[in-house]
Amino acid sequence: MITLKVNGIEVSVPRGSTILQAAEKAGVFVPTLCHDRRITPYGACRLCVVEERRKPGSLIPSCFTPARDRMEILTETPAVLEAVRTQLQLILVNHPLECPICDKAGECTLQDLVIRYNVTEAPFGTEAFARYLDRRSPLIERDMTRCVLCGRCVRICGELQGREELEFQHRGHKMVVGTDGGRALDCDFCGLCVSTCPVGALNDKLFKDGTRVWKLRREPSVCTHCGLACEADFHLEEGQLRRVTPAAPTGNGKGLLCARGQFGWRAFRSPSRIGAPRIRRDGVLHEAGWNEAIAHAAKALDAVRRSHGAASVALLTADHLTTEEAAAWGAFWRDTFGGGPVGSIQADGYRQILETLAGVRGARVAGGTPRDLDEADALVVLGGGSAELHPVLKPLVNGWLRRGGRELAVVSSWPDALTRRATLPLTVTPGLVEDFCGELLAALGSERAGAPADLARYGIDSCALARLVGLLVESRGVVVLVAPEPWGDNRQKARLAAYLQDRVRAVVPLGGQVNSAGAVLGSGLVSDGGAGNGIALTEAIEAGRIRALYLLGEDPLEGLPDPQRVRRALERLDCIVCQSPFWTAVTDLAHAVLPSALLHEKRGSILSLLGESRSLRPVLPPFGQSRSDGEILPGLAAALATGPRVPSAPSMPEPAAPRPAATPAADEAAMPFRLEAVPSLFGDGILSRQSPDLEELRRGLRVVMSGEDFERLGLAERETVEVRTPAGSARAEAERDAGMLKGLLLLRHAAGRPAGLSLIRQGAGCIPADIVRIGT
Amino acid sequence: MISPVSKIAYCASRTCRFRKPIDVRALLEKGLDELGYRDRIGLVETECLISCFQGPSIMLLPGGKVFQVLSEERFTETLRGLISEPQLPTLPPPGEPRIEPDIPGIEHIDFFAKQRLIVLRNRGHIDAESIEEYIAHDGYLALYKALTAMTPEGVIEEVKLSGLRGRGGAGFPSGTKWEEARKYATFPKYVICNGDEGDPGAFMDRSLMESDPHAVLEGMMVCGYAIGARQGYIYVRAEYPLAIQMLRTAIDRARRKGFLGRNILGTGFDFDIDIYPGAGAFVCGESTALMFSIEGKRGMPRIKPPRSTESGLWGRPTCLNNVETFANIPQILLHGGAWFRSIGMEDSTGTKVFSLTGAVKNVGLVEVPMGTDLRTIIFEIGGGIRGNAHFKAVQLGGPSGGCLTEQHLHLPATFDTLQAAGAMMGSGGVVVMDDTSCMVDVARFFTQFSVDESCGKCVPCRVGLKVLLGMLEKIIVGRGEPSDLDRLERQAVHIAATSHCGLGQAAPNPVLSTLRYFRHEYEAHVREKRCPALVCTDLIRFEVDAEACKRCGVCAKVCPVEAISWRKKEPAVLNRDKCIRCKACIRACKFKAIH
Ligand SMILES: Cc1cc2nc3c(=O)[nH]c(=O)nc-3n(C[C@H](O)[C@H](O)[C@H](O)COP(=O)(O)O)c2cc1C
Ligand code: SF4
Ligand code: SF4
Ligand code: SF4
Ligand code: FES
């Protein structure tokens, strides 16, 4: 620690802190424009100048100059004030004064500073260059005439998001921020650039020209699009949600959101929200009152319970319940249906891994905290798609890497976002990541901690593998992230994770929905035998072991491969109860539809994947007659309380092993590609699928291939092609990616799309495929 | 016949060809043929023999005497005389007639006599493409000495003892920089040679890389040994194809001879050098921008800390020095730091190469001991002002240097004295101006350069300089007001005080120094709307002063649009309606009668 004085106020700060940090600690205001504490200082605006008492006349930029012991910093000397005022006047030379029509007015750093420093005249005149205005990009509008060239967007995009979508172009006073070739944005749409822009140059299109910021009320809340449950600020105008921004990066807050969090909020009021309960009578869904609907559902469930036993009723949850609700539902399910099959579709992999970890250790699984991540010396990621499942991992990991000397090992069969940043990328032959994890476990477990036997099979370099084994064997500073495959098998990964959890600093299973962690760890909305996955469920229905389904926001038709088979199975059921906020494909088959509230309409707590507990207050009014899952439960429980309680051991469907691939059909052998379905950056979950804006970014089903394959097939950019697999065929937009292996196809945005789901098989990491140009 | 001459180097540069269109090579071939030396005396083509003002010239080797080729007619005869007698590298006894009166030897010319060559010593004397010739001139001896007889710390001590300061502009003590870079135990480390040389008018680094590339390589290798690096990069301006070619050849030869690569000279020291052609922006010469540029990023200066010696190229400890700095190293190791320190001044040791240009008679590169006064450089070496004009100012240190006046001519040229006077050493550009230069216009010219070259990162440099330029332009077209001068000064001080890198910090120097020493000229512009040097067109009335007019009529002859009427013995009359303000008459009038 060093001690210095800022305007006479003594502060102690850690060695290496900047003068600005010391001033902040002393509570002294220093004007800044190009500084954002999320990224490294840059030194462009030169507004943060201060003077040292012993060196009068020399102006020190405080945002990056390290504080030294016994410095005496002055921030309001005449020289400093004069410099700040001149700097502001210079910035205004090229900045159009269109505050009345600028959305930023009221929260614009430049405006605030101009007022604070009483800059009322323009001694240098004005010369606003007309720079470009980009209105073509989705969701983000770039009005570069307003840009003050602070470089924050360029840096946050490159440093944290790792995209480098924005760059400086030209030199001197001709400099602009742009994309290569001036094209529209085609990026992650994390919105970080919008969140950092101090002026009105980068705008959220969903917010633009709608209102004025001073009419908004800011409500701290969380994003519910994935299990990281990032803190977010909701901005409301008379009860209407106007925009969502990352929580201010103060204190522990990381100040990060992704496209889903920042732009996915229109899902909350999507046209497919269910307004009132419905019941099926004479084959048609009729609107009904709550009591009637609950009685209708209870009666059907009771009939199944009586005729086939309680364990013939299965529950699938999308994990959008608060921890308290999940606890109540868990208790109810155990009491009423004997703890019969409970599972999830979206969070299946996560639940599988977590339950394996918990099974080894008892229910007390800590997982990794943000601090574990922050302080780790090395991160090992098992499985691809981690930062696609949880996009904010990308800036988190990039920020962590930036501090240098750190190792990021990623085991993946495709170039996902983290593989591209990895210091130790291990690219495994497509389809073999599970096997590889199994063999790695065997190797680690055996005395000779050697390398897996048949390296050639996995296609990894032996040095890289030795390094990975080294990391896992010796280091307590390692944090392991386990990313499940969306429709694949994850049992080997789960076993490896369980083996590692006491040997490394922390193991963090990924892939959970917003409160999967709370549902499993906090309250036990699980079945005694572990989660059942989709294929097991389908088979159990086909075999007549499961006769009824209770769906908590989940939809097997939109979430499981082979939708035709799933539909046939669902049609055999005696009863389906849909308790969901949204109309989805499966609601058409429901016997009763119970509209449930979204998390933002409820009160309660949730637990993030990283073990942070967050409390929720209703920021939005309930939609229509919808009720929270917690409110629905008592009526249902009461209606079912009278029935026979069946404590018998549930006939839990075992998680299905991947079915041995049938002898390849002739056409299968001739298929030159291998196709892997991967998570969508813009969210596959029930909530993200409802956002029209995220859907605009997804642009439908997409198939990604290497540049070489793309060219060999003679495809045009964004050409629609037909993808064929032994499971089915579908049309998708072709895309190329330089980082891809030849012969590999990635299928994006399959969730929620029957066409996409019909291409893949449950439990198979990857499937043979072919691409056919349409019309040839 | 045996001749003491083994080689003849001749200058093939365009400058010399322009001075006198003689095909020297053909002449030499013919002459040697006729004299029967064709097989015995080799011909070496060089780019410059440092005597551009009196070229074309040839140099006899060994010995290195330079002679001017004046006539084609008697060339063969002259040559016979020259090559049959030993051309000893010592001066002939004073007063003794030259061997051939038509061709004066260079050591008798002030331009050379006052110079002291350390880094330029091999220029033109050796064939840059021949490593053997470099070795024959003690080449790689310093490296050998360092590797076999000195510890890395010893090398650094020697460099510190020499007092060598960086020749790239800022004058940072090189030994200290090396010591810093050695301190960090992060590997790999890098050595970078800054050959970006963006200052317009400066070409000492180019000349060094072209004529003595091995000296630069050797300096880098010694540095690599001292700091513990195994890889060096030379960042060369892309506009220097010959320098790149010469360095490539040199690196190739050095690798083949075992001076570069693995296990150099059998000592176990590994070092290699690669060339990186520059990206073409002036600001890429700034050390951190240069490293970004090598990394393939936008060349923009970054914040410090960390210093490059801690985290430079690819985040590794990096020692970056200028070409001339490296070229000094072998000599320092060979002759010792104390020897180097004995040359020049206390706080600025050794020599400095200046590129002397502008209104002097002799222009070119001059290497003089640090602390040589400006008068010696301009009036003795440079031969004084060209034509019948008078010395007015000297601008030192490249585009962001400052302008000094007659009263500063006694100043010894050292890093600190120049800085104190408001100019700077910079890369060593010396632009001499006579009284036909308008200082406001000079300030505008250099400010324009900085405006164009600013990388655009920081507000004071990007916007401030543009505003400064606007103020100067306003003054130049006659719309300036007296109060503008204070605003100009305040603005310039603000830019210097708050800009991020050397470019912005120094860019106001031309304005500040001219305001300081030539304020009267600014006053004339803003108060009397008059440009005393008759440069700013908008402030010229274009009238003939009948009293001053000597009625010679030259003006009428040069006017391209016949706007001046003149009859014998009468003052000329200028018709302003026809005049296109080209100033041809003003330049032509010897009596300054038109203003
Ligand atoms: C705008 C700018 C341009 C520069 N250009 C050059 C250059 O062309 N060549 C050079 O050697 N140094 C240049 N420098 C100085 C370098 O940043 C650096 O200080 C120098 O190369 C260090 O070498 P030295 O210690 O040997 O002088 C420039 C600095 C600035 C701020
Ligand atoms: S939205 Fe995110 S990825 Fe896209 S340009 Fe902005 S910061 Fe970069
Ligand atoms: S767009 Fe905004 S954040 Fe980006 S450089 Fe311009 S002012 Fe800064
Ligand atoms: S002073 Fe000028 S050249 Fe240097 S960083 Fe700032 S804008 Fe760029
Ligand atoms: S905040 Fe320090 S220079 Fe911009």
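## Ligand shells

In this predicted model, the shell around ligand 2 comprises seven nonpolar, two polar and three charged residues. Its members are I140(A), C157(A), Q161(A), R163(A), E165(A), L166(A), C187(A), D188(A), F189(A), C190(A), G191(A) and C193(A).

Ligand 3 is surrounded by 14 residues, of which C147(A), C150(A), G151(A), C153(A) and C197(A) are the closest. By class, this shell divides into 12 nonpolar residues, one polar and one charged. Around ligand 4 there are 13 residues, and the closest are C455(B), K457(B), C458(B), C461(B) and C501(B). The shell of ligand 4 holds seven nonpolar, five polar and one charged residue.

## Extent of the interface between chains A and B

The size of an interface is often expressed as the accessible area lost when the parts come together. For chain A and chain B, the buried area is about 2,400 Å², with 59% of it on carbon and sulfur atoms. Within chain A, the greatest losses of area to chain B fall on L90(A), R171(A) and H173(A), which together account for 25% of what that side buries. In terms of contacts, 31 residues of chain A meet 30 residues of chain B.

## Polar interactions and composition of the interface

Two salt bridges are found across the interface of chain A and chain B. R171(A), one of the residues that lose the most area to chain B, forms a salt bridge with E453(B) through their side chains, at an N to O distance of 3.4 Å. Across the interface of chain A and chain B there are also 15 residue pairs in polar contact, with both residues at pLDDT 80 or more.

On the side of chain A that touches chain B, the elements giving two or more residues are helix 2 (78-93) and strand 8 (167-169) of chain A. Helix 2 of chain A gives the most, with seven residues. By class, the residues on this side of chain A are 19 nonpolar, eight polar and four charged.

## Salt bridges in the whole structure

Over all chains, the search finds 95 salt bridges. One of the pairs is R37(A) with E24(A), whose closest N and O atoms are 3.8 Å apart. Because R37(A) belongs to the loop between helix 1 (19-25) and strand 3 (49-52) of chain A while E24(A) belongs to helix 1 of chain A, the pair ties together parts that are 13 residues apart in sequence.

## A hairpin in chain A

Strand 14 (residues 278-281) and strand 15 (residues 284-287) of chain A pair in the antiparallel sense over four bridges. R280(A) has L285(A), in strand 15 of chain A, as its bridge partner. Two residues lie between the strands of this hairpin, where D282(A) takes a positive phi near 55°.

## Backbone features in loops

A positive phi is also found at E164(A), a residue other than glycine, with a value near 55°. E164(A) is located in the loop between helix 4 (152-160) and strand 8 of chain A.

In chain B, the peptide bond joining K304(B) and P305(B) is cis, with omega about 0°. The bond from P305(B) to P306(B) is likewise cis, its omega being near 0°. P305(B) lies in the loop between helix 12 (287-294) and strand 9 (318-322) of chain B, and P306(B) is found in the loop between helix 12 and strand 9 of chain B as well.

Note on methods. Residues numbered from 1 in each chain as written. Chains lettered and ligands numbered in written order. Predicted model: local features only at pLDDT ≥ 70, side-chain atom pairs only at ≥ 80, totals over all residues. Heavy atoms only, no water. Near = heavy atom within 4 Å. Nonpolar A, V, L, I, M, F, W, Y, C, P; charged D, E, K, R; others polar. Contact = heavy atoms within 4.5 Å. Buried area = accessible area lost by both parts, 1.4 Å probe. Salt bridge = Lys/Arg side-chain N within 4 Å of Asp/Glu carboxyl O. Polar contact = N/O pair within 3.5 Å; in protein donor to acceptor, adjacent residues only side chain to side chain. Pairing = 2+ DSSP bridges.
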